[in-house]
Amino acid sequence: MKDYTQGPWLVNESKFTEVLTQDRLLVATCNRIENPSTLYANAKLIAAAPELLQSLKDCLEMDIHARVCKPWREKAQAAVAKAIGAKE
């Protein structure tokens with residue numbers, strides 16, 4: 001799955017349960033949680049997803065200390081695979 005909406009994404013500050021593209025297109029809506037601060041925290045996390053994914057991919061491309069960081073690399077590879085819909 002490489003056809004996700006490209007980032008950056010941002011939280012709609014006038015309706016903080018929405019995550020939008022820079023062009024103000026709706027990416028996601030957070031709801032069904034009673035605590036407004038949790039809704040806002042979830043929206044911020046979702047909005048950061050494109051940058052987090054790219055940062056993780058960039059780190060995985062570096063082969064520095066690959067043997068020392070093997071457990072971390074395996075978790076990171078699994079997270080990227082989950083995010084892009086690929087089989088691990």
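A residue is taken as buried when its relative accessible area is under 20%, as exposed when it is over 50%, and as partly exposed in between (1.4 Å probe, protein chains only). By this criterion, 24% of the 88 residues of the protein chain count as buried. The structure is a predicted model, in which local features need pLDDT of at least 70 and side-chain atom pairs count only at pLDDT 80 or more, while totals for chains, interfaces and linings use all residues. Residues are numbered from 1 along each chain as its sequence is written, and side-chain values use heavy atoms, with hydrogens and water left out.

The confidence of the predictor in each residue is expressed as pLDDT, on a scale from 0 to 100. The protein chain averages a pLDDT of 83, and 89% of the residues score at least 70. Among the elements of the protein chain, β2 has the highest mean pLDDT (94), whereas helix α2 (residues 70-84) has the lowest (81). Where pLDDT is low, the predicted coordinates should not be read in detail.

Secondary structure was assigned from DSSP runs numbered from the N terminus, with helices (H or I) of at least four residues and strands (E) of at least two. Two helices and three strands are found in the protein chain, and from the N terminus on the elements run β-β-β-α-α. Strands are treated as paired if DSSP finds at least two bridges between them. The three strands form an open antiparallel sheet in the order β1-β2-β3. Because β1 and β3 stand at the edges with a single partner strand each, one side of each is left without a neighbour in the sheet. On average, neighbouring strands of this sheet are turned by 25° against each other, direction ignored.

Angles between elements run from 0 to 180 degrees between N-to-C directions, the axes being lines fitted to C-alpha atoms and, for helices, over the stretch in contact. Contact denotes heavy atoms within 4.5 Å. Helix α1 (residues 36-61) lies across β1, β2 and β3 and runs at about 165° to β1. Of the contacts in the protein chain with a separation of 6 or more, 31% are between residues 24 or more positions apart.

Strands β2 and β3 pair in the antiparallel sense over three bridges. Residue V19 has A28 as its bridge partner in β3, and the bridge partner of E18 in β3 is T29. T29, in strand β3, is partly exposed at 42% relative accessibility. Apart from neighbours within four places in sequence, T29 is in contact with T17 and E18. The C-alpha atoms of T29 and L39, ten residues apart along the chain, are separated by 9.3 Å.

Two backbone features were noted. The peptide bond from G7 to P8 is cis, with omega near 0°, and P8 lies in the segment before β1 (9-11). R24 is found in the loop between β2 (18-21) and β3 (26-29). The hairpin of β2 and β3 has four residues between the strands, and R24 takes a positive phi near 70° there; R24 is a residue other than glycine.

Residue N12 is placed in the loop between β1 and β2. N12 counts as buried because its relative accessibility is 6%. Leaving aside neighbours within four places in sequence, N12 is in contact with E18, L20 and R24.

Side chains of opposite charge can pair when their charged atoms come close. A salt bridge was defined as a side-chain nitrogen of Lys or Arg within 4 Å of a carboxyl oxygen of Asp or Glu. The search of the whole structure finds one salt bridge. K15 forms a salt bridge with E18, with the closest N and O atoms 3.7 Å apart. K15 is partly exposed, with a relative accessible area of 46%, whereas E18 counts as buried at 15% relative accessibility.
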